[in-house]
Amino acid sequence: MSISNRVVWPLAAAGLLVLSSVGYAQDKQQFREKAKAAEAQLRALGEPKDRCSIGGYVAAGAVVSRTFTASGLMPGDRLLTVNRLDVAGKPGEDVIALLRSIDPSAVVPISLERAGKPLNIEVACSNARQATEALLAGLNLASRGKFDECFTAFSQPSEFGTQGAALKADCASLSRNASKHNVPELRVEAMRMQIEDAHWIVSGRAEVIERLRANEGWITEHLGAARFTELVAATRAWPNGEDLYDTSTPDWALFRRNAETALRARLIDPDSARIDWPYGFLRGSWRPFLSKRIDGYWSCGSINARNRMGGYTGSTSFVVVLDPNGRVQYSDVGTSKDVDIVTSQCSNAVKLLPPAPAALVATNNDRPTSAPSLADELKKLVDLKNSGALSDTEFQTAKQRLLGTSGH
């Protein structure tokens, strides 16, 4: 079993980066492949080269999310024209493409909107080559699995911004000396910077919330619940997005209903199931034994139900994975045998799970609690026999047990 957050790489260029999805790698090979692809993308665009950098990171909609030199730009600026060419509302990649055609010593006229008011400024370019070379070197080290060297590369003073902070955390977590790099603090810092950027980039907020949820268990385990709470509190500073974290919380009651339906479908006697939810759901992925990861919200719990003979098998573990809309992607139940892979997986994984919310704690409270009548139980046995689930001998044994006789 392996738990991981998805890793999605941006198209990055030093001096002007596009905010995109940056996850935290748990799979070394996946991380290496993403790093190799990112490096190849940049080189295919002619990087590194002597070209203009305007000293800021530009995201979707030509919005400046972060600045790193005294360029005259400010976070939140909405670029309208750069060098007298229209960039209003365009992707950050389009602004980068425009800057690749401008000399690094040029002074560029820029019109923008700041705090709702139009403004015209001139920005003296700096040369993007040095920062781009450093970025490419770091990506190359990551692609070759040299994670300690990659960590060192992204630790050097440079203009890597939020993307660099995430890459630094990834390389540190996969390095030979991960315990020396204070990986939990590096991850929290990268997450904090992404939340800051989303202050200006409204279109990126939902993705940041998803990533924050995906890191809840990991942050809580290593740094405590208070540190995670601090990050959540930072999202409440977003203009017109103060309650986004709370309002985007999945419908846990729906998750429970759908999950229990899937679990009961695996049982011989679904109505007898006793399902307990000691933990909540975590955004991330679950890797079944000898299978590929399944992305979604996952959780483990315990389940007990009657077997074909009418007796309870004993409590065992279950795991379920649902998509953000509450549709079940995967479910499995332990076997109660000596070798029980599901129970073993869950035992190792539950330390990452949050406490169960109220919608999960009230397990089975919405189901009848009164014991079924003897007639009902006998009817179930007859139905099982008629369906072929029980042989004649098994039926007689179960019937005698139910009636309280020994069968002798």
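Colleague: Where is Pro48 placed?

Modeller: Pro48 is in the loop between H1 and strand E1 (52–53). Keep in mind that this is a predicted model.

Colleague: And the peptide bond from Glu47 to Pro48, cis or trans?

Modeller: The bond between Glu47 and Pro48 is cis, with omega near 0°. Most peptide bonds are trans.

Colleague: Now phi. What is the phi of Ala62?

Modeller: Ala62 has a positive phi of about 55°, although this residue is not a glycine. Most residues other than glycine have a negative phi.

Colleague: Where is Ala62 found?

Modeller: In the loop between strand E2 (56–59) and strand E3 (63–67).

Colleague: Is Ala62 buried or exposed, and why?

Modeller: Ala62 counts as buried because its relative accessibility is 0%, and buried means under 20%.

Colleague: What about Arg84, what is phi there?

Modeller: Phi of Arg84 is near 70°, again a positive value in a residue other than glycine. Arg84 sits in the loop between strand E4 (78–82) and strand E5 (85–86).

Colleague: Buried or exposed, Arg84?

Modeller: Arg84 has 68% relative accessibility, so this residue counts as exposed. The cut-off for exposed is over 50%.

Colleague: On to strands. How many bridges join E6 to E7?

Modeller: Eight bridges join strand E6 (residues 107–114) to strand E7 (residues 117–124), and the two strands run antiparallel. Val107 stands opposite Ala124 in E7.

Colleague: What do E6 and E7 form?

Modeller: A hairpin, with two residues between the strands. Ala115 in the turn has a positive phi of about 55°.

Colleague: Helices next. Which residues of H4 are buried?

Modeller: In helix H4 (residues 147–155) the buried residues are Phe147, Asp148, Cys150, Phe151, Ala153 and Phe154.

Colleague: What covers the buried residues of H4?

Modeller: The cover includes helix H1 (28–44), helix H3 (129–143), helix H5 (161–174) and helix H6 (183–198).

Colleague: At what angle do H6 and H8 pack?

Modeller: H6 and helix H8 (residues 216–223) pack at an angle of about 135°, and their axes are 10 Å apart. That angle makes H6 oblique to H8. The crossing of the two helices is left-handed.

Colleague: Which residues in H6 meet H8?

Modeller: Val183, Pro184, Glu185, Arg187 and Val188 in H6 meet Trp218, Ile219, His222 and Leu223 in H8. The residues of this contact divide into six nonpolar, one polar and two charged.

Key:
Residues numbered from 1 in each chain as written. Predicted model: local features only at pLDDT ≥ 70, side-chain atom pairs only at ≥ 80, totals over all residues. Heavy atoms only, no water. Buried < 20%, exposed > 50% of the residue type's maximum accessible area, 1.4 Å probe, protein only. Helix = DSSP H or I, 4+ residues; strand = E, 2+ residues; numbered from the N terminus. Contact = heavy atoms within 4.5 Å. Pairing = 2+ DSSP bridges. Axes fitted to C-alpha atoms, helices over the stretch in contact; angles between N-to-C directions. Parallel < 35°, antiparallel > 145°, perpendicular 65-115°, else oblique. Left-handed = near helix turned anticlockwise from the far one by under 90°. Nonpolar A, V, L, I, M, F, W, Y, C, P; charged D, E, K, R; others polar.
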